[in-house]
Amino acid sequence: MNSDDLLRLLIEHTDAWNGHDIDRLMDLFADDCVFDASGGPEHCGRRFRGRDGVRSAFADVLRSMPDANWGDARHFVISDDYGVSEWRLTGTLLDGSCVDVLGCDFLTVRDNEIVRKN
């Protein structure tokens with residue numbers, strides 16, 4: 001994947017999250033994808049494997065924060081198969097508490113699809 005295509009994929013990934021469009025989001029991921037969530041009991045946080053597992057985890061995030069927005073995004077192509085997106089997540093959880101955090105995604109790609117989101 002060339003750097004322009006990877007940059008477009010990074011932007012599309014963030015845009016899909018902001019659109020709360022799980023189908024659009026999952027269209028960016030390979031069948032054998034992995035999502036390493038930052039919180040959880042494993043050294044990687046919590047790992048979700050395969051399209052069904054990753055889709056379920058993403059849907060839970062969107063459901064838990066219906067007004068979530070990944071704003072102020074900046075995207076960086078590191079190599080032909082690796083990029084980073086920085087963002088500021090703001091939103092309201094179902095219990096009414098507010099979220100306002102800086103974060104980032106480390107994305108590994110293969111054949112124009114995301115294979116790992118960390």
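I searched the whole of this predicted model for disulfides and found zero. C33 is buried, at a relative accessible area of 0%. C104 is partly exposed, at 31%.

Next I turned to the core. The largest nonpolar core holds 28 residues, and F29 and F58 have the most contacts inside it. Two or more residues come from each of α1 (3-18), α2 (22-26), β1 (29-42), α3 (50-64), β4 (82-92) and β5 (98-110). I listed the contacts of F29, leaving out residues up to four places away in sequence: H13, R51, F58, E113, I114 and K117.

I went on to the strands. β3 and β4 run antiparallel and are joined by eight bridges. They form a hairpin with two residues between them. Within this pairing I noted V77 opposite G83 of β4. β4 also pairs with β5, again in the antiparallel sense, over eleven bridges. Five residues lie between β4 and β5 in their hairpin, and G96 in that turn has a positive phi of about 95°. V84 has F106 of β5 as its bridge partner.

Last, I checked H75. Where does H75 sit? It is in strand β3, residues 69-79. The H75 side chain makes a polar contact of 2.7 Å with the side chain of S85. Apart from neighbours within four places in sequence, H75 is in contact with L7, L10, I11, T14, V84 and S85.

Conventions:
Residues numbered from 1 in each chain as written. Predicted model: local features only at pLDDT ≥ 70, side-chain atom pairs only at ≥ 80, totals over all residues. Heavy atoms only, no water. Disulfide = S-S within 2.5 Å. Buried < 20%, exposed > 50% of the residue type's maximum accessible area, 1.4 Å probe, protein only. Helix = DSSP H or I, 4+ residues; strand = E, 2+ residues; numbered from the N terminus. Polar contact = N/O pair within 3.5 Å; in protein donor to acceptor, adjacent residues only side chain to side chain. Contact = heavy atoms within 4.5 Å. Core = buried A, V, L, I, M, F, W, Y, C linked by side-chain atoms within 4.5 Å. Pairing = 2+ DSSP bridges.
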